[in-house]
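Thanks for coming. I will go through one structure, a few elements at a time, and stop at some residues on the way.

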Amino acid sequence: MLIGHRTWMFNNQPVITSTGTVGGPFEANGNIPEAFDILHDDMWLKQSSFEKAQRTMMEEASQIAIKNSLIQKEHVKFFISGDLINQITPSNFAAKTLDVPYFGLFSACATSMESLALASFIINGNGADYILSGTASHNAATEKQFRYPTEYGGQKPPTAQWTVTGAGCALVAKSGEGPKVTSATIGKVVDMGISDPFNMGAAMAPAAVDTIETHLRERDVDPTYYDLIITGDLGHIGREVSLDLLQKKNIGITEDIYKDCGLTVYREGQPVLSGASGTASSAVAVYGHFLKLIKEQQLDRILVVATGALHSPLSVQQNDAIPCIAHAVSIESGRDKP
């Protein structure tokens, strides 16, 4: 099952049988509103804090994923989740509500694919029949922790990004109907010395390129094996940096097959600067949009490379550079390509 140093092949091909996606008012006006099962018209979600609103979205996405399947909650063996907030408290409290055995993760915005990779690994090894994998983020909660509270009204440079208010969850199963998880390449921490918390795309791009290069080499496939190679939330800046790095490494990924979730969630004209970010960026785009394209037979094979900046307010205050990571998961329809 392990090929090379960092890639798992899932011979039993776990299945994503159902998903649940939730978004906020800004996402409702975005580029893919049809990708959401629920769209809220209020950032507060009738909660007393933004962090509690994020927890509510994670609960909703998980419950929708179960509802959209043919199983009962009691059949779910594990819940694997994480987020950006202190000690991943929104995920912790959502796990309490779900009352399912729980693995809590922190891989920043790479958490979506880390959780999917681990869920698939456990199921592929017969460690469970059903696992919920997901994550959530909230614009105001994340801004408050990592930059400035939105009420502060601080100006941002054009390299900054807009954290998605949303949640995405997948129910991964041992068998059933749906897209199949065929492999995963685990990222390693890459630190190129960038310390600007308002330029996450440039900081994360080298980690994305490292994981893409490793995945293609260890699986011994050409980029054209995939219909799309999708990064998590590099935005305009990070995508351009990564394309330059890929070209320098002679990795022939063309712009037409390279998509970025940070450029998928919002429409042109929304004031998101370099694009979307947050753990929910890749979760809602993949589970709500790209998997739908697989089910509609518009795509057959995608490689999702979720990117994460592993800094904290403390590390930024201590002038540390930003360590980054990217985890890749390949998802396929199982249909024979023509």
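Helix H2 is mostly covered, with 14 of its 18 residues buried. This is a predicted model, so please keep that in mind throughout. H2 covers residues 50-67, and at 1.5 Å a residue those 18 residues should span 26 Å; the C-alpha atoms at its ends are 25 Å apart, which agrees.

Is Gln-54 buried or exposed? Its relative accessible area is 1%, so Gln-54 counts as buried, the cut-off being under 20%. What does Gln-54 touch, if we skip residues up to four places away in sequence? The list is Asp-83, Ile-85, Pro-90, Ala-136, Ser-137, His-138 and Ala-141. On that list, Pro-90 belongs to helix H3, which is residues 89-98. Ala-136 and Ser-137 belong to strand S7, which is residues 130-137.

That brings me to strand S5, residues 78-82. Four of the five residues of S5 are buried, so the strand is largely enclosed by the rest of the structure. S5 runs parallel to S7, and five bridges join the two. Within that pairing, Phe-78 has Ile-131 of S7 as its bridge partner. S5 also pairs with strand S6, residues 102-105, again in the parallel sense, over four bridges. There, Phe-79 is partnered with Tyr-102 of S6.

Next, the nonpolar packing. The largest nonpolar core has 45 residues, and those with the most contacts inside it are Leu-116, Val-286, Phe-290, Ile-302 and Ile-331. Which elements each supply at least two residues of this core? They are helices H4 (111-124) and H8 (279-295), together with strands S9 (166-173), S10 (180-185), S11 (228-231), S14 (301-309) and S15 (324-332). H8 gives the largest share, 10 residues.

Not counting residues up to four places away in sequence, Ile-302 touches Tyr-226, Leu-228, Ile-230, Phe-290, Leu-291, Ile-294, Val-329, Ser-330 and Ile-331. There is also a second, separate core of 26 residues, and its members include Met-200, Ala-203, Leu-216 and Ile-322.

Now strand S15. How many of its nine residues are buried? Nine of the nine are. In a regular strand, side chains alternate between the two faces of the sheet. In S15 both faces are covered: one side carries Cys-324, Ala-326, Ala-328, Ser-330 and Glu-332, the other carries Ile-325, His-327, Val-329 and Ile-331, and all of them are buried.

S15 has antiparallel pairings with two strands that I will take in turn. With S14 the pairing runs over nine bridges, and Ala-306 stands opposite His-327 of S15. With S10 there are five bridges, and here Ser-183 stands opposite Ser-330 of S15.

Staying with strands, Thr-231 lies in S11. Thr-231 has a relative accessible area of 0%, so it is buried. Leaving aside neighbours within four places in sequence, Thr-231 is in contact with Ala-208, Ile-212, Tyr-258, Lys-259, Asp-260, Cys-261 and Val-305. With Tyr-258 there is also a side-chain to side-chain polar contact of 3.3 Å. For a sense of spacing, Thr-231 and Gly-187 are 44 residues apart in sequence, and their C-alpha atoms are 13 Å apart in space.

Last, two backbone angles for anyone checking torsions. Most residues other than glycine have a negative phi. Gln-13 is not a glycine, yet its phi is positive, about 50 degrees. Where is Gln-13 found? It is in the loop between strand S2 (7-9) and strand S3 (15-23). At 32% relative accessibility, Gln-13 counts as partly exposed.

The other case is Leu-273, also not a glycine, with a positive phi near 55 degrees. Leu-273 is in the loop between strand S12 (258-260) and strand S13 (276-277). Its relative accessible area is 41%, so Leu-273 is partly exposed.

That is what I had; over to the group.

Note on methods
Residues are numbered from 1 along each chain as its sequence is written. This is a predicted model: local features need pLDDT of at least 70, side-chain atom pairs count only at pLDDT 80 or more; totals for chains, interfaces and linings use all residues. Side-chain values use heavy atoms; hydrogens and water are left out. A nonpolar core is a set of buried Ala, Val, Leu, Ile, Met, Phe, Trp, Tyr and Cys residues joined through side-chain atoms within 4.5 Å. Buried means under 20% relative accessible area, exposed over 50%, partly exposed in between (1.4 Å probe, protein chains only). Contact means heavy atoms within 4.5 Å. The expected span of a helix is 1.5 Å times one less than its number of residues. Two strands pair if DSSP finds at least two bridges between them. A crossover is right-handed if, with the strands pointing away from the viewer, the path from the first strand over the helix to the second runs clockwise. A polar contact is a pair of N or O atoms within 3.5 Å; within protein, one must be able to donate a hydrogen and the other to accept it, and residues adjacent in sequence count only if both atoms are side-chain atoms.
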